[in-house]
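The sequence and structure are shown below.

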Amino acid sequence: MKHLRGRLGTSRISVVLAVVAALLGGVTLSTGAEAAIARDGRPGPAHGLQGVGPASLSGASTSDLKSWATARLANDRKRRAGTLTVTPAPAPKATVTAAQTLAAASGTSALVLYDTTGPYGHLGELYAMAIANLAGHFGTVTAKPVSAYTAGMVEQYTSTVYVGSTYYGGSIPDAIPAAFYQDALKTTKPVNWVGDNIWGMANAVGVENFKKKYGWDPTNSYFETGGSVGNINQVAYKNQTLTRKIPAGFDGGVLHPAVVDGPDYPDITELAQAKDANSGATSPWAIRSGNLTYVGEIPFTYVSESDRVIVFEDLLFDSLAPATTERHRAFVRLEDVSPKADPAQLKAIADYLYAQKIPYGINVIPTYTDPKGAYNNGVAETVTLAQAPQVVDALKYMLQRGAVLMNHGYTHQYKNVANPYTGATGDDFEFFRSHVDASDNVIYDGPVAEDSTVWAQSRVTSALSGFALAGLPKPTLWTTPHYAASATDYKVFGQNYTARLERSLYFAGTLSGGTVNPARYIGQFFPYAVKDVYGTTVLPENIGNYEPEPYNNHPARLPADLVNSAKANLAVRDGVASFFYHPYYPVEPLKQTIEGIKALGYTFVGPTALAQ
């Protein structure tokens with residue numbers, strides 16, 4: 001393979017994204033967690049946002065993943081055997097124009113195309129939202145079904161991304177218009193192709209024509225070698241070893257590109273390299289030739305803070321902002337600070353951060369409530385900021401020393417029920433229902449029964465009033481309790497705050513403009529600020545939080561784990577290492593984390609700088 005050039009070498013809910021477990025081509029986002037609030041100097045019970053598994057999709061979509069992977073590999077075997085019949089797409093009708101343009105700040109533009117047909121067609125929109133969110137870091141994003149593509153469209157955008165999640169063939173006709181295949185070959189604009197159907201392009205434009213332009217043969221490239229997808233558990237990229245953890249039976253494989261030799265074929269640049277843990281064999285995970293970048297799988301499933309999705313997050317710079325200067329910033333926020341917080345603990349951490357000249361955020365819950373008396377001997381208790389002058393004084397002390405006030409819900413719990421733990425502030429979800437199953441997983445049940453624009457706004461209005469009554473400034477940044485809310489809620493938050501700083505859920509129907517389906521969503525976190533599909537700026541939280549004890553099937557997460565995640569994110573050329581810390585823990589683990597991240601070359605900045 002002499003033509004293959006390498007570019008490799010150059011809360012308890014510890015990752016609240018467990019909540020976001022909705023990213024996998026139909027699974028749940030592996031995530032971190034928010035921990036419980038401290039009432040007596042110790043954290044409360046283990047709280048989590050487990051979602052439905054180690055992937056990234058809601059339960060409804062996660063259940064499709066195994067059958068999706070099985071069907072994909074079955075079609076790939078038929079294609080290898082020459083028995084997969086593919087019916088070409090009909091010419092698109094003028095009425096097929098479903099699309100959404102997402103507003104963003106710069107003149108750069110991206111076109112995101114996605115599949116919608118077949119038994120797992122809904123997955124296409126979920127993946128497209130994940131791509132559109134990331135592309136929203138760079139400029140304007142237009143997302144539409146690939147079936148709506150018309151000739152010449154690629155020329156209207158800085159770059160085009162197609163995510164292939166429906167393997168066309170057999171009973172599923174090809175929905176990709178011939179015009180897209182031809183335009184992708186002819187254009188000089190960057191085209192990013194993710195996942196399936198690249199072989200369809202080669203067949204449509206002529207296999208030899210494809211080979212002569214790109215130097216490899218997709219029609220001879222497959223997801224299996226030796227009858228198996230193997231056990232690819234690592235992806236190497238820019239001197240970082242990134243993880244790839246997919247449960248057995250759910251792995252649809254990584255395409256192994258068949259590179260062609262000879263003087264008539266161009267060289268291929270290997271951008272990232274996959275490694276099989278069983279055999280030790282390596283193969284390209286992402287390649288580029290000419291204007292085409294190909295990624296051998298959809299990387300939004302089973303993600304973590306050090307996952308191979310980082311490769312895709314960085315590769316977007318090549319096509320949307322290639323002149324970007326290398327820069328690595330870090331951010332820390334203090335989490336779950338309520339009227340029951342310990343002022344002395346707050347001041348101790350504030351003094352450390354001030355001495356280190358580190359700006360930071362404080363996520364404050366303006367009303368503490370324990371309606372079931374879980375922490376008050378069975379007696380209900382409610383305390384507002386106005387009723388906690390010592391805590392308010394501590395917050396003002398922090399604001400004078402580099403902190404930025406942020407709003408973390410109104411009560412960070414829901415009514416007087418366990419949701420899913422105690423009903424107390426800091427323990428439970430506020431905008432989403434959940435429960436803990438028999439296997440000790442936190443399961444997301446969906447938006448609260450009374451969810452609406454009016455209801456969500458009433459929570460926000462009450463929260464902001466709580467700050468005002470305590471004599472504190474109005475927060476302009478928001479973090480959703482346990483990172484889970486409905487599409488309606490996220491839009492309300494966007495109308496009241498300049499940005500959200502969090503991980504988020506993105507629901508089916510958002511791109512298509514149809515009815516939002518609360519049962520199907522994908523979870524996502526970001527290495528840089530984005531303008532997301534809700535039209536809101538979302539600031540990054542991508543490496544989780546310190547959590548010394550395991551909970552709800554989440555392992556402990558220690559300073560070394562946070563630092564390792566920050567190291568993996570060095571692969572993003574203008575990325576952020578953003579984490580949160582509960583101030584009821586001692587200062588020392590925070591110190592270890594900050595010193596470790598600094599040693600990697602990161603510079604700590606305040607939250608408002610993250611949008612720049």
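## Overall make-up and two local sites

The secondary structure of the protein consists of twelve helices and 27 strands. The model is predicted. Of the 612 residues in the protein, 62% are buried. The protein exposes about 20200 Å², and carbon and sulfur atoms supply 52% of this area.

The first site is a helix pair. Two packed helices are described by the angle between their axes and the distance between the axes. The axes of helix 7 and helix 8 come within 9 Å and cross at roughly 5 degrees. Angles under 35 degrees count as roughly parallel, and helix 7 and helix 8 are therefore roughly parallel to each other. The table lists the residues through which they meet.

| Helix | Residue range | Residues in the contact |
|---|---|---|
| Helix 7 | residues 343-355 | Pro-343, Leu-346, Lys-347, Ala-350, Asp-351 |
| Helix 8 | residues 389-399 | Gln-390, Val-391, Ala-394, Tyr-397, Met-398 |

Residues of this contact between helix 7 and helix 8 divide into seven nonpolar, one polar and two charged.

Is Glu-224 buried or exposed? Its relative accessible area is 9%, and because buried means under 20%, Glu-224 is buried. The side chain of Glu-224 makes a polar contact with the side chain of Arg-77, at 2.7 Å. With neighbours within four places in sequence left aside, Glu-224 is in contact with Leu-73, Asp-76, Arg-77, Arg-80, Val-229 and His-256.

Key:
Residues are numbered from 1 along each chain as its sequence is written. This is a predicted model: local features need pLDDT of at least 70, side-chain atom pairs count only at pLDDT 80 or more; totals for chains, interfaces and linings use all residues. Side-chain values use heavy atoms; hydrogens and water are left out. Axes are lines fitted to C-alpha atoms, for helices over the stretch in contact, and angles run from 0 to 180 degrees between N-to-C directions. Helices (H or I, at least four residues) and strands (E, at least two) are DSSP runs, numbered from the N terminus. Angles under 35 degrees count as roughly parallel, over 145 as roughly antiparallel, 65 to 115 as roughly perpendicular and the rest as oblique. Contact means heavy atoms within 4.5 Å. Ala, Val, Leu, Ile, Met, Phe, Trp, Tyr, Cys and Pro count as nonpolar, Asp, Glu, Lys and Arg as charged, and the others, Gly among them, as polar. Buried means under 20% relative accessible area, exposed over 50%, partly exposed in between (1.4 Å probe, protein chains only). A polar contact is a pair of N or O atoms within 3.5 Å; within protein, one must be able to donate a hydrogen and the other to accept it, and residues adjacent in sequence count only if both atoms are side-chain atoms. Accessible areas come from the Shrake-Rupley method with a 1.4 Å probe; for residues, only the protein chains shown count as cover.
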